[in-house]
Amino acid sequence: MRKWMLGVAGAAIAMGLGMADAAAQAQPAEALTLQRIFSSPALDGPAPRAVQLSPDGKYLTLLRNRDDDRERYDLWAMDTANGKWRMLVDSKTLGSGAALSEAEKMQRERARIGGTKGIVAYDWAPDGHSILVPLDGELFRARLTGEVEKLPAAAGPKLNAALSPAGTFASYVQDQNLVVMNLASRQVTRITTDGAGTVHWGEAEFVAQEEMARTDGYWWSPDDRYVAVERFDEAPVGIVTRAAIGAEGTSIVQQRYPKAGTANALVDLYVLDPTGQTRVKVDLGADRDIYLARVDWSADGKTLYVQRENRAQTQLDLLAVDPASGSSRVLFSEKAAPNSWINLSYSFKPLDDGSLIWWSERDGHGHLYRWQAGTFTQLTKGPWEVSPDGITVDQKRGRLYFQGNKDDVLERHLYWIDYRKPAAITRLTERGWWNAASMDASGTRAIVSRSNPNQPRQVYLADADGKRIAWVQENAVSDAQHPYHAYLAAHRERSFGTVKGPDGTELHWEMITPKLEPGKRYPVFFQHYGGPHSQTVSRAWGGALQQYLVQHGYIWFQIDNRGSANRGVAFESAIWHAMGSVEVQDQLAGAAYLKSLPFVDPKRIATYGWSYGGYMTLKMLEAAPGTFAAGVSGAPVTKWELYDTHYTERYMGDPRQVPAAYKASSTLGDAAKIADPLLMIHGMSDDNVVLENGTAMYAALQQQQVPFEMMLYPGQTHRVGGPGISEHLWNTILGFLDRALAK
């Protein structure tokens, strides 16, 4: 359950409102409407995705959504020499509009891009002259000259298309087998053949996609000599009979879904050659009940590195594998702190000298280490976190680039340190922003994506010292042509602060208020997520929906509780075997703080959450009846035995071993304690938090004669939204709150 938020963006914090103040003096305020918020063009401005530099650095490419269809993406390229843009692939003209396969739909749901159309991924050829573009089940090769050719692949859905690192092959998964195409001869070879039924090659299993942030199922060696391929068999996994209820019919889906405490898919790893003639099984150890967490190659292609995680997620082993024989040895093991777990990372890098850069929380915070000949050297340290999302190494200059919150827990920045002689850390991004950055492989240039509470996401190209070279997407709301510009005059400032939790821990909150009138008290839209592995309070753009709520008289508020991310192991591990406990207490401390404010109406505080936040709504209403005037619970987990293995057992343990912890975490047993108005919402085709979670709670409430309101969305998955649906959803929520808060 990587973070799901709905409508009101989860990561939002504020600074000064200079732009909006200036705009307010220059123009009258224009009122936001739900219809405008969810129509095109998006009020946040363009939302580029998959920004990349060509291997030769001459071009910058991205997927850009259309002004007239915010969900459709086309491929664009910018010449970095002159800053000129052109469309390389028009998805509407080139695409067939063919329906997505079920497998691709599920992959998009796992990647949190459900509902997108057009191009969702692409891959540069290593010579920088062409790009592989999957679109509507076909493969195209786009050249910078403007030519686009369709590759001669067999008809039918294709997954995970990629070009090999040396550029010899294109590869993809079709009919659950890995297919390799020699781009020179156009010979197509299915290098695995037994994929069928429950057996899959070249794909990531469900929990890898949903919970491990691993979407890859095969990995080419740098010289194209080998390809490491995952094979998984879902036969041991239990079947959830899920009714995908649509507007005009119902289909029954037999979904393999590994519930907590039940069997996972059997996962193996093989090394093949591109012809499929040679196949070597990798020795992953005697224990079959493990997770294949990460797979990487050394720069020379002579070693395959595999991160193997035990079922309890308390130990992570780094294996060094001989690709010719499949034999492996454990280089080292990472062990979780007592009463905690292992958080996975993408901040791993094998260096040319045989040493490794490794991310670890072994000192209580996420930091970087260099492993060399059996010895670890700590490179970063302190009461702050290095992001596990990825690193870049410039081995010529000895620079290690990483992201973290060294300067402020509410911000994220790009930094570098000399890994050969670690000393001073240099920050490359501007204070006051939430940044996300990626770099070319050698660390010569960075693509920085940033936002703050008054500026939607901007993207720029920077040099290795952080100096901006060119805007990729300036997206300035001060520009009169920006979609949000007309609403700047009414944009309200965000404030932050801290409050002590029940155990004395400092908790960060954020708030947006209407223009306060002396003596008047205001209702509160108290949003929460509360789940692990996420941070909701940060100095990032929050979106127009928050402002809409404020314009309609609400104070908008949220707080990060213990158990959330980026505050260290002890802070996050407070929920170990105790979901629905300390998070609830901390959120209630936020409610108590609100009630102490002279401008808050203590009898009209409504709480809202989606996914884990929906679970939290139920637990909060059960724990403290009368605290909230109403609660909205969207797509909640209600019984953790119904959720998947990797996520649930990481925090709660195995239900077969700690049944009491699961009983305490459930919302079902205390359903009778809910005394406040409640609205429950669920998508009727949800394959993540399956609808059974909702119906179990509906039945418990009905059995206890607890009144509640309910809205179900036919055909909608965990992401309830899209044209017409988003507006209906929020009209439903706000209509419910109007009734509940009027009492």
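This is a predicted model: local features need pLDDT of at least 70, side-chain atom pairs count only at pLDDT 80 or more; totals for chains, interfaces and linings use all residues.
**Exercise 1. Determine where D175 and R190 lie, and whether each is exposed or partly exposed.**

Step 1. The side chains of D175 and R190 form a salt bridge with an N to O distance of 3.6 Å.

Step 2. Locate the partners. D175 sits in the loop between β11 (169-174) and β12, and R190 in strand β13; the pair therefore ties together parts 15 residues apart in sequence.

Step 3. Classify them. The boundary for an exposed residue is over 50% relative accessible area. D175, at 53%, is exposed, whereas R190, at 38%, is partly exposed.

**Exercise 2. Which residues are linked with D408 in a network of salt bridges?**

Step 1. Begin with one pair. D408 forms a salt bridge with R431, and their closest N and O atoms are 3.6 Å apart.

Step 2. D408 is in the loop between β30 (399-404) and β31 (413-418), and R431 is in the loop between β32 (426-427) and β33 (434-439), so parts 23 residues apart in sequence are tied together.

Step 3. Compare the surroundings. D408 is buried at 16% relative accessible area, but R431 is partly exposed at 37%.

Step 4. Extend to the network. D408 and R431 are linked with E411 and R539 in a network of salt bridges.

**Exercise 3. Why is helix α10 described as largely enclosed by the rest of the structure?**

Step 1. Count the buried residues. In helix α10 (residues 645-652), eight of the eight residues are buried, so the helix is largely enclosed by the rest of the structure. Among them are H646, E649 and R650.

Step 2. Identify the packing partners. The buried residues of α10 pack against α5 (206-211), β21 (290-297), β22 (304-310), α9 (612-623) and α11 (659-665).

Step 3. Examine the two ends. D644 caps the N-terminal end, with a side-chain oxygen 3.3 Å from the backbone nitrogen of H646. After the helix comes G653, whose phi is positive, near 80 degrees.

**Exercise 4. Identify where the backbone shows a cis peptide bond or a positive phi in a residue other than glycine.**

Step 1. Recall the background. Most peptide bonds are trans, and most residues other than glycine have a negative phi.

Step 2. Find the cis bond. S40 and P41 are joined by a cis peptide bond with omega of about -5 degrees. P41 lies in the loop between α2 (34-37) and β1 (49-53).

Step 3. Find the positive phi values. N160 has a phi near 55 degrees and is located in strand β10 (residues 159-163). H533 has a positive phi of about 65 degrees and is found in the loop between β39 (522-527) and α6 (544-551).

Definitions and conventions
Residues are numbered from 1 along each chain as its sequence is written. Side-chain values use heavy atoms; hydrogens and water are left out. A salt bridge is a side-chain nitrogen of Lys or Arg within 4 Å of a carboxyl oxygen of Asp or Glu. Helices (H or I, at least four residues) and strands (E, at least two) are DSSP runs, numbered from the N terminus. Buried means under 20% relative accessible area, exposed over 50%, partly exposed in between (1.4 Å probe, protein chains only). Contact means heavy atoms within 4.5 Å. A polar contact is a pair of N or O atoms within 3.5 Å; within protein, one must be able to donate a hydrogen and the other to accept it, and residues adjacent in sequence count only if both atoms are side-chain atoms.
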